[in-house]
Amino acid sequence: MSLVLSPGILTTGTGTDMILLDERRGRYWCLNTTATLTLRALLGGATPERAVLILIQRYPEISAQRAEHDVTALLESLCTARLVTQT
């Protein structure tokens, strides 16, 4: 699975956070630090399983189960909002 931003989606960083702007609908989403790390990993070619490992390595206080849940929830939310496309 490869993940790409959908057409018309712009990103900007705000320190460790990220804002996604949907130019088509005039809506925006603000991702926190962990969501930003996860999205960058996925856009960079990481699988969801690899994104989980990246979160655990960066934040050892997060359990593997929690990291897996968070990666899955983020991916589902981004796809549902049509901000990303899986190829």
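Which residue in strand 3 is the bridge partner of Thr14? The answer is Asp17, and it opens a tour of a predicted model, where local features need pLDDT of at least 70, side-chain atom pairs count only at pLDDT 80 or more, and totals for chains, interfaces and linings use all residues. Residues are numbered from 1 along each chain as its sequence is written, and side-chain values use heavy atoms, leaving out hydrogens and water.

- Three strands make an open antiparallel sheet in the order 2-3-4; strands (E, at least two residues) and helices (H or I, at least four) are DSSP runs numbered from the N terminus.
- At the edges sit strand 2 and strand 4 (27–31), each pairing on one side only.
- From one strand to the next, the twist averages 20°.

**The hairpin**
- Six antiparallel bridges link strand 2 (residues 9–14) with strand 3 (residues 17–22); pairing takes at least two DSSP bridges between two strands.
- Gly13 stands opposite Met18 of strand 3.
- Two residues lie between these strands in the hairpin, and Gly15 in the turn has a positive phi of about 80°.

**The core**
- The largest nonpolar core has 23 residues, and among those touching the most other members are Leu3, Leu20 and Leu78.
- Such a core is a set of buried (under 20% relative accessible area, 1.4 Å probe, protein chains only) Ala, Val, Leu, Ile, Met, Phe, Trp, Tyr and Cys residues joined through side-chain atoms within 4.5 Å.
- Strand 3, helix 1 (33–43), helix 2 (48–58) and helix 3 (64–80) each give two or more residues to this core, with the largest share, five, coming from helix 3.

Key:
Buried < 20%, exposed > 50% of the residue type's maximum accessible area, 1.4 Å probe, protein only. Axes fitted to C-alpha atoms, helices over the stretch in contact; angles between N-to-C directions.
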